[in-house]
Amino acid sequence: MRFNILVGGFCAVVAAAASAFAGPAASISGDYVEVRSCDVYTGPCFANGEMNLAGSEAILTWSVRQGGWDGVPLAGLKMVAIVKAENTLGNVTQQPQAGHAVLVIDSKADSRQRDALVKFARHMAGSLVTEVAKIEQAPIEVQMNPSTCHENGCSLVRAEGLVEVQTRCLGDKDHVCGNEERYYPPLTKIDLARPAYTEAGLFQGDGLGITFDEAGRRSAYLGTFEL
């Protein structure tokens with residue numbers, strides 16, 4: 001009997017230790033769309049022509065499929081961060097950059113969920129949301145099929161009266177110089193990052209002193225996130 005108790009206790013300790021080293025289980029996951037004001041899928045010849053002249057703005061969208069943040073459930077909610085920095089975002093020689101941001105929170109979020117989404121954005125975007133100039137709340141629509149988005153590159157993001165994003169898959173005609181690559185990485189940690197072609201990228205709110213209006217560029221990323 002004593003042997004069984006000792007063995008049982010030892011196993012419990014081992015299991016607890018293994019659980020601790022395994023790290024916490026993912027608590028939030030969903031889909032992500034990012035649009036920049038410069039090509040992200042490009043060759044060095046094009047990138048060098050835009051360096052520090054373009055690409056200092058971006059629209060980042062998170063669509064939560066399941067889970068929550070800070071103990072607050074967020075499944076089904078969306079949020080958009082419009083960010084502006086001083087230089088080309090993603091330039092590894094100038095990272096991290098501090099940015100100004102306008103955050104657009106899903107109008108379906110209550111006060112606790114709104115606060116949790118802001119904290120989530122700060123965690124994901126880091127220094128890019130060093131200064132939040134304005135927080136808006138609006139209906140947000142995100143159309144993205146997570147099972148096929150990495151095959152067709154299609155997405156639609158719309159925050160009523162503020163943001164509109166549309167992307168499509170990159171095609172043969174989008175390879176201009178023949179040595180394109182994912183020159184600038186995504187601005188936040190995502191999985192299965194796929195570059196896409198921006199057909200519309202619009203922000204027409206205030207708070208940043210800019211109107212973001214980008215189209216006809218290889219300037220988008222689609223992916224998923226899981227923490």
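**Group meeting: strands, cores and cysteines of a predicted model**

Good morning. The secondary structure of this chain comprises four helices and 14 strands; helices (H or I, at least four residues) and strands (E, at least two) are DSSP runs, numbered from the N terminus. What we have here is a predicted model, in which local features need pLDDT of at least 70 and side-chain atom pairs count only at pLDDT 80 or more, while totals for chains, interfaces and linings use all residues. Residues are numbered from 1 along each chain as its sequence is written, and side-chain values use heavy atoms, with hydrogens and water left out.

Of the chain's 227 residues, 48% count as buried. Buried means under 20% relative accessible area, exposed over 50%, and partly exposed in between, with a 1.4 Å probe and protein chains only.

I turn now to strand β9, residues 155-159. Four of its five residues are buried, so β9 is largely enclosed by the rest of the structure. β9 and β10 form a hairpin with three residues between them, and glycine 161 in the turn has a positive phi of about 75 degrees.

Next, the nonpolar cores. A nonpolar core is a set of buried Ala, Val, Leu, Ile, Met, Phe, Trp, Tyr and Cys residues joined through side-chain atoms within 4.5 Å. The largest has 37 residues, of which Leu60, Trp62, Leu74, Val83 and Phe225 touch the most other members. Elements giving two or more residues to this core include β1 (28-36), β3 (57-69) and α3 (111-125). The greatest contribution to this core is that of α3, with seven residues. Apart from it lies another core, of 23 residues, among them Ile82, Met144, Ala159 and Leu222.

Finally, the cysteines. How many disulfides are found in the whole structure? The search finds zero, a disulfide being a pair of cysteine sulfur atoms within 2.5 Å. For cysteine 154, the nearest cysteine sulfur is that of cysteine 169, 7.3 Å away. Cysteine 154 is partly exposed, at 38% relative accessible area, whereas cysteine 38 is buried, at 1%.

Thank you.

Note on methods. Two strands pair if DSSP finds at least two bridges between them.
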